[in-house]
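Please look through the sequence and the model below before reading on.

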Amino acid sequence: MTIARIQLPERIARGDAVEVRVVIQHPMETGFRVDAGKRVARNAIHSLVCRYNGAEVFRATLSPGVAANPYIRFYTRAVDSGELEFWWLDDDGVEGQVRTPIVVL
């Protein structure tokens with residue numbers, strides 16, 4: 001099970017640029033590492049999408065050059081209270097998803 005941690009500012013006013021920070025717990029294996037004489041299979045998150053109240057506000061294509069437990073930071077404009085939904089997909093076809101409320105004053 002993949003775990004993600006999302007950080008938002010404590011106070012968000014309508015119209016503000018909101019800094020969104022997310023850390024996804026994932027090994028991001030490159031396929032080049034050897035463990036006990038065997039190559040560890042490549043498994044990295046390659047797609048990440050963030051939706052704000054259903055509308056896509058951020059999309060990233062990651063590579064195995066990204067360190068384990070990738071940290072992503074981006075900005076979006078605060079419009080209404082609602083929900084941020086994060087979705088990602090790794091090389092093994094495992095999908096992850098996490099949601100967090102966003103409260104706009």
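Does A36 count as buried or exposed? This is a predicted model, in which local features need pLDDT of at least 70 and side-chain atom pairs count only at pLDDT 80 or more, while totals for chains, interfaces and linings use all residues. Residues are numbered from 1 along each chain as its sequence is written, and side-chain values use heavy atoms, with hydrogens and water left out.

A36 counts as exposed, at 80% relative accessibility (exposed means over 50% relative accessible area, buried under 20% and partly exposed in between, with a 1.4 Å probe and protein chains only). A36 lies in the loop between strand 3 and strand 4 (38–39), where strands are DSSP runs of E with at least two residues, numbered from the N terminus. Most residues other than glycine have a negative phi, yet A36, which is not a glycine, has a positive phi of about 55°. M28 also has a positive phi, near 50°, and is found in the loop between strand 2 (17–25) and strand 3 (34–35); M28 is buried, with a relative accessible area of 3%.

Turning to the sheet, four strands form an open arrangement in the order 6-5-8-9 with antiparallel pairing, where two strands pair if DSSP finds at least two bridges between them. Its edge strands, each pairing on one side only, are strand 6 (55–61) and strand 9 (95–102). Strand 8 (residues 82–90) and strand 9 pair over eight bridges in the antiparallel sense, and L84 stands opposite T100 in strand 9.

Finally, T76 has its place in strand 7 (residues 71–77).
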